[in-house]
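This briefing covers a predicted model.

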Amino acid sequence: PVSNPTQAGAELAARFFTATSEGQANAVMDEGRARYAIVDDSLPVLVHRAEGRVTGSFNVLSEWAHVPASRFSEVYYETNAAGARSTVLLFYPEYYQTMAYRLYVHAGRAVTPQNATYVVSYENRTFADGRPYRQILASRRFVTPADADAYRASLGPGLHRIAARDP
């Protein structure tokens, strides 16, 4: 084993699970002289809507791999028609490219998302206490990531991200 429950080898395993290409993942496997990867539901971010909770150790994996969690997802704020502000966890394309996601959620198969990709326009703001946050100004859903990418390119300069709302 490359890693064990005492966290020996955790950095190497985390680098594999946060790798966003087969080439990166294969290099890590070669470095660890590993031939197999074992994945379970503790690795990716999973939303349990019926229970109102989110699980997964993905952010810990990014820490062990020395990759900022913000490369994969971030919290934004949006305001509804009544003026109430709520938080939204947005997942970036890099999250869906990680080995943790690809191997557990899709069993390693290539998948093109349908009706799940958004282009989010936002601005950076600051709370009264000085903490920064991102406020969503507009959010538009697209049938395919390619459609979203084309739309984002058409927007020109500004703060626009391709993201999804569901891990």
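S73 has F91 of strand β4 as its bridge partner. The strands involved are β3, residues 73–79, and β4, residues 85–91, which pair in the antiparallel sense.

**Strand pairing**
- Seven bridges make up the pairing of β3 with β4.
- Five residues lie between the two strands of this hairpin.
- In the hairpin, G83 takes a positive phi near 90°.

**Helix packing**
- Two packed helices are described by the angle between their axes and the distance between the axes.
- For helix α1 (residues 10–18) and helix α2 (residues 22–31), the axes come within 8 Å and cross at roughly 160°.
- The crossing angle is over 145°, the cut-off for this class, and α1 and α2 are therefore roughly antiparallel to each other.
- The crossing of α1 past α2 is left-handed.

**Salt bridges**
- Side chains of opposite charge can pair when their charged atoms come close.
- Seven salt bridges are present in the structure.
- One of them joins E22 and R102, with the closest N and O atoms 3.4 Å apart.
- E22 belongs to helix α2 and R102 to helix α5 (residues 99–105), so this pair ties together parts that are 80 residues apart in sequence.

Methods. Residues are numbered from 1 along each chain as its sequence is written. This is a predicted model: local features need pLDDT of at least 70, side-chain atom pairs count only at pLDDT 80 or more; totals for chains, interfaces and linings use all residues. Side-chain values use heavy atoms; hydrogens and water are left out. Axes are lines fitted to C-alpha atoms, for helices over the stretch in contact, and angles run from 0 to 180 degrees between N-to-C directions. Helices (H or I, at least four residues) and strands (E, at least two) are DSSP runs, numbered from the N terminus. Angles under 35 degrees count as roughly parallel, over 145 as roughly antiparallel, 65 to 115 as roughly perpendicular and the rest as oblique. A crossing is left-handed if the near helix is turned anticlockwise from the far one by less than a right angle, and right-handed if clockwise. Two strands pair if DSSP finds at least two bridges between them. A salt bridge is a side-chain nitrogen of Lys or Arg within 4 Å of a carboxyl oxygen of Asp or Glu.
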